[in-house]
Amino acid sequence: MASSSSLQPDGMGNHDEPTPLGKHVMFFDINKDGIIYPWETYQGLRKLGHNIFRSLLAAVLIHLVLSHKTRPGKWPSLLFPIVIKNIKYGKHGSDSDAYDAEGRFVPEKFEEIFKKYAHKNANSLTSNKVNELLKKNREPKDYFGWLNASTDWRILYDLAKDKNGELTKEAVRAVYDGSLFEQMARENASKKSS
């Protein structure tokens with residue numbers, strides 16, 4: 001039985017509902033079929049404002065890493081799909097643990113990020129504090145986890161930092177619940193249409 005601290009007030013105990021980790025990646029499921037293909041990840045990254053090269057490289061790397069972990073069965077697929085309902089199997093080490101092993105959001109771990117590292121402003125992280133967070137969360141000899149955590153946080157910082165070069169608590173929370181990507185795509189689309 002799940003502990004009361006891991007149950008979600010928004011019904012995340014229901015197995016038909018996507019977990020918060022699932023919601024985090026659903027933006028990239030362009031056709032909403034529960035499976036993310038590399039071309040969908042590419043399209044999503046372009047909507048967020050990444051250039052063609054960065055979007056292509058990120059899509060290839062993301063799918064090479066996550067596809068085999070989230071696909072049921074033993075046989076690989078040359079289409080490198082990521083199955084959203086199995087995204088919890090793609091969770092890597094050396095992270096903040098704001099998602100638990102089942103992909104549920106852990107508010108205490110999220111708050112801990114800012115209690116430990118947001119010294120200048122309690123509601124934001126500077127680039128140096130993101131680096132400190134990454135170093136402190138490293139698990140011994142977990143080089144793959146170090147690389148993944150660093151990539152996740154550096155991309156988040158680059159995409160969501162404010163005009164003062166700070167990553168706000170609100171932006172980090174929005175990436176954990178998946179709403180940041182939708183918001184950024186809308187902002188990017190409005191910039192293009194202006």
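**Overall form and charge pairs of a predicted model**

Along the principal axes, the C-alpha atoms occupy a box of roughly 50 × 50 × 35 Å.

Let me turn to the secondary structure. The protein contains eight helices and four strands. Read from the N terminus, their order is α-β-α-α-β-α-β-α-α-β-α-α. When we take the contacts between residues at least 6 apart in sequence, 51% of them join residues at least 24 apart.

Next, the surface. Of the 194 residues, 41% are buried. The protein exposes about 11600 Å², and carbon and sulfur atoms supply 57% of that area.

I now come to the charges. There are 29 positive and 24 negative side chains, and the centres of these two sets are 5 Å apart. Side chains of opposite charge can pair when their charged atoms come close. How many salt bridges does a search of the whole structure find? The search finds 11, and I shall present some of them.

Consider Asp-100 and Arg-104, whose side chains form a salt bridge with an N to O distance of 2.8 Å. Are these two residues buried or exposed? Both Asp-100 and Arg-104 are buried.

A further salt bridge joins the side chains of Glu-111 and Lys-169, at 2.6 Å from N to O. This pair links distant parts of the chain, since Glu-111 belongs to helix H4 (residues 107-117) and Lys-169 to helix H7 (residues 169-177), 58 residues apart. Glu-111 has a relative accessible area of 29% and is therefore partly exposed. Lys-169 has 19% relative accessibility, so Lys-169 counts as buried; the cut-off for buried is under 20%.

Helix H7 also holds a pair of its own: Asp-177 and Arg-173 both lie in this helix, four residues apart, which is about one turn. Asp-177 forms a salt bridge with Arg-173, and their closest N and O atoms are 4.0 Å apart. Asp-177, at 32% relative accessibility, counts as partly exposed, and Arg-173, at 33%, also counts as partly exposed.

Thank you for your attention.

Conventions
Residues numbered from 1 in each chain as written. Predicted model: local features only at pLDDT ≥ 70, side-chain atom pairs only at ≥ 80, totals over all residues. Heavy atoms only, no water. Helix = DSSP H or I, 4+ residues; strand = E, 2+ residues; numbered from the N terminus. Buried < 20%, exposed > 50% of the residue type's maximum accessible area, 1.4 Å probe, protein only. Contact = heavy atoms within 4.5 Å. Areas by Shrake-Rupley, 256 points an atom, 1.4 Å probe, with all protein chains shown as cover. Lys, Arg positive; Asp, Glu negative; His and termini not counted. Charge placed at Lys NZ, Arg CZ, Asp CG, Glu CD.
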